[in-house]
Amino acid sequence: MAQSVKGMRDLFGAELRWFQHIEETARRVFGRHGYGEIRTPILEELDVFKRSVGESSDIVNKEMYEFTDKGGRQVVMRPENTAGVVRAAIQHKLLTSNDPVLFYYIGQQFRYERMQTGRYRQFWQIGAESFGVATPESEAESLLMLHGFLTELGLKHLVFSINSVGTPESRPAFHAAFRAFFAAREAQFCEDCHRRIETNPLRVLDCKNERCQAALEGHPVITDHLDEASAKHHARLKALLTELGIPFKEDPRLVRGLDYYTRTAFEVLSSDLGAQSALLGGGRYDLLVKHLGGPDVPAFGWAIGLDRLAMVLQQVHGEAPREVPAVLIPLGDRAATEALKLARTLWEAGVALQLETRGGALKKAMASANRMGVQTVLILGDGELDGGTVTVKHMATGEQESWSLEEVATRLAKS
Ligand code: AMP
């Protein structure tokens with residue numbers, strides 16, 4: 001029997017209902033903030049990710065699904081969506097005016113990762129990107145939208161973890177201090193960190209190795225080495241978050257490693273799962289649009305993993321909210337025809353209804369309805385047809401009553 005490809009899964013039932021609920025909430029909340037959806041292709045040219053996510057990153061080095069297509073193009077199944085959104089925004093000249101441009105996306109991403117719980121090779125991300133505004137206010141707006149989205153999903157225990165990575169101008173001062181710190185305890189750091197200190201020192205700060213994290217005790221802090229404008233920007237964002245009542249803490253080890261990331265970096269942690277775990281990350285990337293060949297346009301954005309979010313919500317709330325349709329069971333040939341007509345009237349009136357079309361015994365149909373968790377079963381037999389009624393069985397109580405055909409739509413809409 002054929003199986004799905006390793007790391008790729010089918011979504012259906014209770015889990016997919018959470019996905020749908022999350023997506024609907026995202027569209028509603030983001031639309032309210034004036035963000036419009038963008039959908040970019042799953043395949044992009046390899047160069048888009050080499051130049052954005054960066055050749056020194058694990059994603060580009062080890063995890064990309066890349067291949068040569070029949071036309072000899074080197075293409076990649078996108079490992080994330082920001083690069084594609086920026087590529088599209090440049091290609092379609094969407095960033096040429098001074099107006100802010102606000103996008104959100106919902107889509108599959110692909111990374112050839114080692115398998116572990118909650119990690120897949122095809123997974124989903126929802127993200128928002130705001131182009132054209134460099135102010136702390138625009139960041140507060142985006143974080144408020146994110147906060148609203150997660151709150152509307154019923155996640156209560158959220159903490160925003162924030163840091164500033166400064167600008168390329170302020171970074172050399174921090175790098176010098178950090179290299180001196182590193183040199184004094186070199187032996188305690190892993191091999192990867194020895195490579196990082198040469199190519200990308202900020203990345204030492206978020207090394208996953210516990211020994212490296214312990215060796216970092218007392219490390220120089222980026223925010224102590226910020227240029228004046230970045231320091232002011234950071235202070236203003238913190239003041240705004242305080243003013244808005246968004247709980248946050250500063251995390252001096254939170255970084256986004258590449259050069260085009262500037263100033264604000266953040267993560268959202270949720271303690272709804274017991275131990276605090278990162279639900280998503282984001283930050284300011286003022287230099288990326290230009291780096292990918294576009295105009296000099298600042299940007300801020302974030303991406304949240306839908307698979308992980310659905311898992312958290314399932315653990316916190318159990319089942320996703322859902323509408324279980326009523327079931328209409330006709331008994332006999334005459335009723336089968338009339339049931340189709342009645343069902344059409346009900347569907348047109350917006351009623352959620354599943355029609356039993358197998359024919360056969362009532363008992364079997366009732367057992368199916370029971371397994372589906374149906375609340376209301378409508379039974380239409382010859383007797384009902386003669387009387388212009390339908391028999392209604394309320395599954396929770398076992399109660400039975402008779403409704404006239406005319407009142408079915410309004411009564412079902414109310415129940
Ligand atoms: P990143 O793009 O690496 O910053 O990841 C952003 C979010 O995407 C993470 O917080 C995860 O929730 C999610 N994510 C990243 N990689 C995977 C994966 N392989 N499987 C499932 N979710 C993922």
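## Around the ligand

A polar contact is a pair of N or O atoms within 3.5 Å; within protein, one must be able to donate a hydrogen and the other to accept it, and residues adjacent in sequence count only if both atoms are side-chain atoms. With that in hand, look at Gly305: one of its polar backbone atoms is 3.5 Å from an oxygen atom of the ligand. Leu279 also takes part through its backbone, with an N or O atom 3.3 Å from an oxygen atom of the ligand. Arg119 uses its side chain instead, placing a polar atom 3.1 Å from a ligand nitrogen atom.

In total, 13 residues surround the ligand, and the closest are Arg111, Glu113, Arg119, Tyr120 and Gln125. To be counted as near, a residue needs a heavy atom within 4 Å of the molecule.

## What you're looking at

This is a predicted model, where local features need pLDDT of at least 70, side-chain atom pairs count only at pLDDT 80 or more, and totals for chains, interfaces and linings use all residues. Residues are numbered from 1 along each chain as its sequence is written, and side-chain values use heavy atoms, with hydrogens and water left out.

The protein chain is assigned domain 1 (13-170 + 226-317) and domain 2 (326-414), with bounds that come from an automatic or database domain assignment. Their C-alpha centres lie 47 Å apart.

Strands here are DSSP runs of E with at least two residues, helices are runs of H or I with at least four, and both are numbered from the N terminus. Is Glu113 buried or exposed? Glu113 counts as buried, because its relative accessibility is 11%; the cut-offs are under 20% for buried, over 50% for exposed and partly exposed in between, using a 1.4 Å probe and protein chains only.

The side chains of Glu113 and Arg119 are joined by a polar contact of 2.9 Å. Setting aside neighbours within four places in sequence, Glu113 is in contact with Glu63, Arg119, Tyr120 and Arg121, where contact means heavy atoms within 4.5 Å. Arg121, in turn, lies over the face of Tyr112, 3.9 Å from the ring centre. For a charge to sit over a ring, NZ of Lys or CZ of Arg must be within 6 Å of the ring centre and within 35 degrees of the ring normal.

## Rings that pair up

There are twelve aromatic pairs in the structure. Rings of Phe, Tyr and Trp (its six-membered ring) pair if their centres lie within 6.5 Å; planes under 30 degrees apart are stacked, over 60 edge-to-face, and the rest tilted. Phe131 and Tyr285 make an edge-to-face pair, with 6.4 Å centre to centre and 90° between the planes. Phe131 is in strand β6 and Tyr285 in the loop between β10 (277-284) and α10 (288-291), so this pair ties together parts 154 residues apart in sequence. Phe131 is buried at 0% relative accessible area, and Tyr285 is buried at 3%.

Phe174 and Phe178 are a stacked pair, because their ring centres are 5.4 Å apart and their planes are at 20°. Both lie in helix α6 (residues 171-183), four residues apart, about one turn of the helix, and both are buried. Elsewhere, ring pairs link Phe30, Tyr104, Phe149 and Trp302 into a cluster.
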